[in-house]
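I opened my notebook with the sequence and the model side by side. These entries follow the order in which I looked things up.

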There are 2 protein chains.
Amino acid sequence: MKKYDVPDIVISRLPLYVQTLNQLLREGKSVVSSSELGERLKTTPSQIRRDLSYFGGFGKKGSGYDVISLMESLRSILNLNQIWQVALVGVGHVGMALLHYDGFGRKGFEIIAAFDQSPNVIGRKIGGIEVQDVELIEAEICQKHVDIGAITVPAENAQAVADRLVNCGIRAILNYAPVYLEVPKHVQVSNIDPVLKLQKMTYYLK
Amino acid sequence: MKKYDVPDIVISRLPLYVQTLNQLLREGKSVVSSSELGERLKTTPSQIRRDLSYFGGFGKKGSGYDVISLMESLRSILNLNQIWQVALVGVGHVGMALLHYDGFGRKGFEIIAAFDQSPNVIGRKIGGIEVQDVELIEAEICQKHVDIGAITVPAENAQAVADRLVNCGIRAILNYAPVYLEVPKHVQVSNIDPVLKLQKMTYYLK
């Protein structure tokens, strides 16, 4: 099975499986059935079996999945057995929150550089990282083989920042700006927009 | 068609359609085809037609959708023609970012109260809202028919906060804590976890 033959929606569920398996492990469980996993994840056992079947057979019929080995397999499929470097552009309130968030580091993502255009933050050290002038993106990032960019600038600047990051070899963008970014096909974009989440929930509120 | 007969995944795409139609409107377009919408949204025209078909017929065969009328219909389906009140619990960096974010207000979501347990922030005014002691959640929220809660507290406190909000009548939770919240069936939860988004993208990076 080739990488791009697995539906994207399946891939987007795998990190949730890893998170849940991790939780089960902390609770001392070593084996889990697809129905128990389904219950935890508010989905059906058959969807879980279908999702996992893209990657070969895990677990034996009737005896459930081995928690550690399934978690390790999924982590390996998701390429989580390494530290990924992240460059962050935009040190407003959201950027500051990300720089202070220790969950990134614990989960294998290290912010190695942060940029802003405001003299108010350039030179300040936030969450251990010294904020640099946004003019230095190319000088700092292009040589370093950084794969991931986090964009936390205002909407109107986001596309220009994305273009510069992509030109420097960034292949995955975590985008907090409420705009659709145009990027080449080989670049992944994940949008984080709380308004879209709220607008979905209000459907159910009447 | 009853509310819960529409697949949740379809509902979660509607806000994106609204966002894109809004963008088209700003570009001066009054009619859009399902292929053009599909291109903008990086999906197929047939998925868009299938999604919209849950809500009856929009647009005539061959002539495309009227941008304004489709947008208004979807906004109405999502209950976006009103202001929704939001109570926020946890004024750390993420909470501060949300209190400062003017996109909420512009899109119909008004944070009307913010709570924290730290004397460092209680009493401070942030983004126009005075932060209150978390002990006052019930006194402030239960009477006010607030429907939506935003949880931006550390993971270990999130479930307890969710329980209190639900007891006060909150029916939708925007959860920034990296934990699965247990809530009654009638309560919606949307999780915002940048790590899960990153962990999905790394699948494609090797």
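**Entry 1: layout of chain A**

Into which domains is chain A divided? I noted domain 1 (3-77) and domain 2 (85-196). I also wrote down at once that this is a predicted model.

I then took the distance between the domains of chain A. The C-alpha centres of domain 1 and domain 2 lie 31 Å apart. Along the principal axes, the C-alpha atoms of chain A fill a box of roughly 60 × 45 × 35 Å.

I listed the secondary structure of chain A as 9 helices and 9 strands. Chain A has 206 residues, and 36% of them count as buried. I checked the contacts in chain A between residues at least 6 apart in sequence. Of these, 51% join residues at least 24 apart.

**Entry 2**

I moved to the strand pairing. In which sense do E3(A) and E4(A) pair, parallel or antiparallel? They pair in the parallel sense, over 6 bridges. Within that pairing I found Val89(A) opposite Phe115(A) of E4(A).

I followed E4(A) to its other partner that I had on my list, strand E6 (residues 129-133) of chain A. E4(A) and E6(A) run parallel and are joined by 3 bridges. Phe115(A) turns up again here, with Gln132(A) in E6(A) as its bridge partner.

I checked how covered E4(A) is. Of its 8 residues, 6 are buried, so I wrote "mostly covered".

**Entry 3: Gly90(A)**

I stepped past the end of E3(A). Gly90(A) lies in the loop between strand E3 (84-89) and helix H5 (93-100) of chain A. Is this glycine buried or exposed? I counted 26 other C-beta atoms within 10 Å of Gly90(A). The cut-off for buried is 20 or more, so Gly90(A) is buried.

What touches Gly90(A), beyond its neighbours within four places in sequence? I found Gly95(A), Asp116(A), Ile151(A), Thr152(A) and Val153(A). I checked Thr152(A) separately. Gly90(A) and Thr152(A) are 62 residues apart along the chain, yet their C-alpha atoms are separated by 4.7 Å.

**Entry 4: the nonpolar core**

I looked for the largest nonpolar core and found 113 residues in it. Which members touch the most others? They are Leu88, Val89 and Ile151, in chain A and in chain B.

I picked Val89(B) and listed its contacts, leaving out neighbours within four places in sequence. They are Phe115(B), Val134(B), Ile137(B), Gly149(B), Ile151(B), Thr152(B), Val153(B) and Val161(B). Ile151(B) is in that list, and Ile151(B) is also among the core residues with the most partners.

**Entry 5: two chains and their contact**

I laid chain B on chain A. The same surface serves both copies, as 95% of the contact residues of chain B recur in chain A.

How many residues does each chain bring to the contact? Chain B gives 43 residues and chain A gives 43 residues. On the side of chain B, the elements with two or more residues are H1, H5, H6, E8, E9 and H9. H9(B) gives the most, with 8 residues. I sorted the residues on this side of chain B into 26 nonpolar, 9 polar and 8 charged.

I stayed with helix H9 (residues 194-201) of chain B. Its buried residues are Pro194(B), Leu198(B), Gln199(B), Lys200(B) and Met201(B). What covers them? The cover includes H1, E4, E7, E8 and E9 of chain A.

**Entry 6: two positive phi angles**

I ended with backbone angles. Asn79(A) is not a glycine, but its phi is positive, about 60°. Asn79(A) sits in the loop between helix H4 (67-77) and E3 of chain A. I counted 16 C-beta neighbours inside 10 Å, so Asn79(A) is partly exposed.

His145(B) also has a positive phi, about 55°, and is not a glycine. I placed His145(B) in the loop between helix H7 (137-141) and strand E7 (148-151) of chain B. With 10 other C-beta atoms within 10 Å, His145(B) is exposed.

How values were computed: Residues are numbered from 1 along each chain as its sequence is written. Chains are lettered from A and ligands numbered from 1 in the order in which they are written. This is a predicted model: local features need pLDDT of at least 70, side-chain atom pairs count only at pLDDT 80 or more; totals for chains, interfaces and linings use all residues. Helices (H or I, at least four residues) and strands (E, at least two) are DSSP runs, numbered from the N terminus. A residue is buried if 20 or more other C-beta atoms lie within 10 Å of its own, exposed if 12 or fewer, and partly exposed in between; C-beta atoms are placed from the backbone. Two residues are in contact if their C-beta atoms, placed from the backbone, lie within 7 Å. Two strands pair if DSSP finds at least two bridges between them. Ala, Val, Leu, Ile, Met, Phe, Trp, Tyr, Cys and Pro count as nonpolar, Asp, Glu, Lys and Arg as charged, and the others, Gly among them, as polar. Domain bounds come from an automatic or database domain assignment. A nonpolar core is a set of buried Ala, Val, Leu, Ile, Met, Phe, Trp, Tyr and Cys residues joined through C-beta atoms within 7 Å.
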